[in-house]
Amino acid sequence: MIYAHLPIKPWPIKPWIIALVCLALSLASLAFVNTTVSAQGFAGLGTTADGFEKPDPDKPLVFPRDHGAHPDYRIEWWYLTANLQGTDGKTYGVQWTLFRSAMRPPNKDAVQLTGWKDGQTWMAHAGLTTPDTHFAAERFARGGTGQAGVRNGAIEPFEAWIDDWSLTSTAQPGKDAYSAMTVRATAPEFSYTLNLDAQGPLVFHGKEGFSVKSPEGQASYYYSQPFYTVSGTLNLPSGPVTVTGTAWLDREWSSQPLSNNQQGWDWVSLHFADGAKMMGFRVRQTDGGDFTSATWIEPDGTTTPYGDGAVSFEPLGKTAVAGRTVPTHWRIKMPKRDLDITIKAVNGKAWMPLSFPYWEGPVAIDGSHPGKGYLEMTGY
């Protein structure tokens with residue numbers, strides 16, 4: 001919770017006053033959620049960008065600066081998914097995401113606001129999927145308090161954190177901060193510590209990181225590190241499990257990445273057995289249509305972007321979960337790559353019942369390009 005790291009002192013305060021303070025802080029957390037969630041998902045993704053910076057296709061990404069936070073934009077995230085195999089023979093999936101959201105446009109007077117006046121809010125999600133169970137947890141923080149934040153790696157090692165959850169660079173001097181990482185999360189029912197070692201370069205989606213999301217031209221900055229090999233430990237109610245596998249880290253920020261007639265998305269990150277990879281998504285529109293995009297990634301990191309219409313998503317089967325039905329079995333086709341695959345959830349019940357609910361979990365891939373990957377679906 002938001003008050004997890006407040007100092008504890010032997011103040012002579014009556015218990016009912018402490019209870020009121022805790023309640024107020026809890027309501028502050030809920031206020032954060034209520035001001036940033038819309039029918040489309042986190043941070044009103046289709047609202048206007050008035051007052052915020054907007055992605056520019058002619059503005060190149062610069063590192064290590066762009067590994068860090070971009071407070072002049074409304075929303076961004078550091079988003080990791082991992083497909084894992086346990087020494088117990090079971091398949092697992094892990095998610096770790098840190099979200100930053102701006103409550104107001106940047107201060108045009110260039111006055112730096114600190115402490116509780118800081119206009120940034122933070123939220124984090126952690127998920128762990130087994131073939132039979134799905135766990136999810138959530139954290140909140142206000143900017144300016146030190147409880148959450150991101151260092152870009154220019155001076156100190158890169159780290160994104162909230163409370164004791166962290167994504168920390170362990171890269172050697174002179175290497176990109178994302179070339180080696182350790183990720184940690186803890187919750188009452190589960191925890192994990194995973195070590196990540198990149199076997200390939202960063203990749204950029206769209207036009208060198210400028211990723212279009214709608215026919216009207218809404219866009220985000222979007223790049224990934226999809227080449228991690230993973231080793232580590234999952235701690236489950238049944239005990240610890242040693243795991244190995246692959247992971248994919250996404251970085252994205254914008255101020256208005258969706259149009260106001262878009263209501264949710266279906267997104268995949270896919271690792272194929274031949275070493276190639278693919279990111280693809282469709283954004284569903286209120287008129288029944290959709291907008292699609294994809295990036296094909298060769299084993300050496302060479303990328304080819306594909307715009308609207310190049311990839312198709314066809315739901316084949318659904319799972320009843322959390323009072324709704326969600327498509328967890330898909331056919332995905334990309335004729336320009338001779339791609340014709342089906343993906344199926346490892347656990348169809350991988351629902352994230354958090355402040356904004358969505359489906360997130362590992363998938364198995366069959367067809368022309370077998371492999372494994374991750375599926376995220378919002379707006380259902």
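**Exercise 1. Find out how confident this predicted model is, overall and at its start.**

Solution. Begin with the average: the protein has a mean pLDDT (the predictor's confidence in each residue, from 0 to 100) of 86, and 83% of the residues score at least 70. Next, look at residues 1-44, where the pLDDT is below 50. Beyond near neighbours in sequence, this stretch has 58 contacts in the model, contact meaning heavy atoms within 4.5 Å.

A word on the ground rules: residues are numbered from 1 along each chain as its sequence is written. In this predicted model, local features need pLDDT of at least 70, side-chain atom pairs count only at pLDDT 80 or more, and totals for chains, interfaces and linings use all residues, while side-chain values use heavy atoms, leaving out hydrogens and water.

**Exercise 2. Locate P157 and decide whether it is buried or exposed.**

Solution. First, find the loop between β7 (148-151) and β8 (159-162); P157 lies there. Strands are DSSP runs of E, at least two residues, numbered from the N terminus. Then check the relative accessible area: at 56%, P157 is exposed, because exposed means over 50%, buried under 20%, and partly exposed in between (1.4 Å probe, protein chains only). Finally, leaving aside neighbours within four places in sequence, P157 is in contact with R151 and S169.

**Exercise 3. Explore the largest nonpolar core.**

Solution. Start from the term: such a core is a set of buried Ala, Val, Leu, Ile, Met, Phe, Trp, Tyr and Cys residues joined through side-chain atoms within 4.5 Å. The largest has 47 residues, of which W96, Y178, Y192 and L194 touch the most other members. Strand β14 (residues 219-236) gives the largest share, 6 residues. Apart from this core lies another, of 27 residues, including V321 and W359.

Conventions. Helix = DSSP H or I, 4+ residues; strand = E, 2+ residues; numbered from the N terminus.
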